[in-house]
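Subject: Handover of a structure and its description

Dear colleague,

Please find the structure below, followed by an account of what was found in it. I would be grateful if you would read the account with the structure open beside you.

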Amino acid sequence: MLDRSAENLAAGNRNSTRQQVRLGARRDGTLTAIAVDAVAAIGAETVGGEASNIVGIYQRLYRCANVHTRQRAMRVNLGPSCLLEERVVDARSGIVLNANLEDYRVPTVADVPAIVWVGVDHPDPEANVTGAKGIGEPPIIATAAAIANAVHDAIGIRLRDAPLSRKRVLDALRAARRQA
Amino acid sequence: MSPFAYQRAASIAQALEQLAPAAGEARHAAVLAGGTDLLPLMHTGAAAPARLVDIKRAADMPASVVDDGAGGVYIGALVRLGDLVRDPLLRTRFPMLVHAVCDAATEQLRNVATVGGNLLQRPRCWYFRNPGLRCWLHGGEHCLARDGDNREHAIFGDGPCRAVHPSDPAVALLALDAAVRIAGSERERTLAIDGLYAEPSPQRRRETVLEEELILGVELPASTAWRRSAWIKEKARKAWAFALASAAVSLDVDDGVVRDARIALGGVAPMPWRAAAAESVLRGAPADASRVERACDAALDTACALSDNGYKIDLARTALRRCLLRALPDTPARR
């Protein structure tokens, strides 16, 4: 099993975070309360995985029963796997046609829905010594499938390729009309 | 980027002098106003002017929105899109244009981009803009989109280029029967906005404005002020995206009968696309839902999809239907 420094090395770069921590303590040094408010950048440009559990560590590292934590993500990475983002390659030349931020479309603030964050705070001692679990990347896997299921529920056609672009949805509807 | 000279014009007359090709000059001069399209084009090599003629400080260049005294509005070419959105005259008489402008680009770009420059934007085609490729529009032999990835390309027009015209305001202006005032070294002329654009042909790879001419402003006529109108733009995401398909309609409805209709589609052709066949279906007829369906059929009847862009026919049809239902009185504005 990795020790803490090895774990840090193996996990690589961390997401950028801004953490506000307030501590309550008695004169003898005993911790009475910890309040943490953490904002993490979780997106295409940053690291997800184990490293993105920021507040879990406050729950376990200190001998203090009164710990309040709050963690918020700045941006949910729903684009790449699901609705918008796609690499377009010209089949003849092999040139990437959308290698710019105009044609490679990351979701804008207007596209991202309200984000509800729910932490499932069960430590996983098998994964690593801190018991921390990933929260940056794993939810995205389920998000894409959930939205694909919702599209299936809405139009009755199963789409098996991401992104679920307007072109893919309309092409599928058109093909279904032709078959009917 | 090719080397270029920078010149600042103090007046329209001086700008026109500077735009005229100098002796022995192989490349044209280009007008610089907002520069939001020109400068990126120069970066990728899709534009390589010999000189930039900056007209932003030309004292007599129209730069405001004014009442033409006859019920219409004159928009100066140097008016920024952001100012246009906030203009009270346009918001009351031509709200559909304001709606279309709000959908264009981003707030930051709109605060720099000018009306004149917006009308003369070059296509956003990813073959045209790619510095490593040389498509027909860039002086090459063939349209690379025709047999390439053409999911965002034209479903109308069978010319040598299938790139779509990127401007949202131009589509709205076409439905509002606008005209463009243009200054040249010989004379000033006024061109219906239909005439500003032409389908690409082997003889013509650009708009009908000549390199040495200058757009002075846009005239909006009293005849389309206060009309029932609507604008819908379908895009890949909710902000900062060019139209996959858009529709603009302005209707003159009297006692349930459509007296006049002007319909324009965007994102579907190398130029803002007038749906004249759909207009004649509506003109003189009672405005009901079945008539709307027939107009939509007529509008898309001549569409000819490429390998990847058939979905645009459905997208444009739905945008137009919703637009007409929104603009017509007493039809349920279904979404």
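Contact means that heavy atoms lie within 4.5 Å. With that definition, residues 24 or more positions apart account for 53% of the contacts in chain A with a separation of 6 or more.

Please note that this is a predicted model, in which local features need pLDDT of at least 70 and side-chain atom pairs count only at pLDDT 80 or more, while totals for chains, interfaces and linings use all residues. Residues are numbered from 1 along each chain as its sequence is written, chains are lettered from A and ligands numbered from 1 in the order in which they are written, and side-chain values use heavy atoms, with hydrogens and water left out.

Chain A

Chain A has 5 helices and 3 strands; helices (H or I, at least four residues) and strands (E, at least two) are DSSP runs, numbered from the N terminus. Read from the N terminus on, the elements of chain A follow the order α-β-β-α-β-α-α-α. Of the 180 residues in chain A, 32% are buried; buried means under 20% relative accessible area, exposed over 50%, and partly exposed in between, with a 1.4 Å probe and protein chains only.

Strands of a sheet pair through backbone hydrogen bonds, either parallel or antiparallel. Two strands are said to pair if DSSP finds at least two bridges between them. In chain A, strand β1 (residues 17–25) and strand β2 (residues 31–40) run antiparallel and are joined by 9 bridges. Within this pair, Gln20(A) stands opposite Asp37(A) in β2(A). The two strands form a hairpin with 5 residues between them, and Gly29(A) in the turn has a positive phi of about 100 degrees. Strand β2(A) is largely enclosed by the rest of the structure, because 7 of its 10 residues are buried.

Sheets of chain B

One open sheet of chain B has 3 strands in the order β1-β3-β2, with parallel pairing. Its edge strands are β1 (5–8) and β2 (29–32), each of which pairs on one side only. The twist from one strand to the next averages 25 degrees. Strands β2(B) and β3(B) (residues 51–54) pair in the parallel sense over 4 bridges, and Ala30(B) stands opposite Leu52(B) in β3(B).

Strand β8(B) (residues 214–220) has 6 of its 7 residues buried, so this strand is largely enclosed by the rest of the structure. Strand β5(B) (residues 73–76) pairs with β8(B) in the antiparallel sense over 4 bridges, with Gly76(B) opposite Gly217(B). Strand β6(B) (residues 179–183) also pairs with β8(B) in the antiparallel sense, over 5 bridges, and here Ala179(B) stands opposite Glu219(B).

Another open sheet of chain B has 4 strands in the order β9-β10-β11-β12, with antiparallel pairing. The edge strands are β9 (228–234) and β12 (273–274), each pairing on one side only. Helix α12(B) packs on this sheet and touches β9, β10 and β11 of chain B; its direction makes about 155 degrees with that of β9(B). For such values, axes are lines fitted to C-alpha atoms, for helices over the stretch in contact, and angles run from 0 to 180 degrees between N-to-C directions.

Where in this sheet is Ala245(B) placed? Ala245(B) lies in strand β10(B) (residues 245–254). This residue is buried, with a relative accessible area of 0%. Leaving aside neighbours within four places in sequence, Ala245(B) is in contact with several residues, including Ile232(B), Val268(B), Leu315(B) and Ala316(B).

A helix pair in chain B

Two packed helices are described by the angle between their axes and the distance between the axes. Helix α11(B) (residues 289–300) and helix α12(B) (residues 311–327) pack at an angle of about 145 degrees, with their axes 10 Å apart. Among the residues that meet are Val292(B) and Leu300(B) in α11(B), and Ile313(B) and Leu324(B) in α12(B).

A colleague
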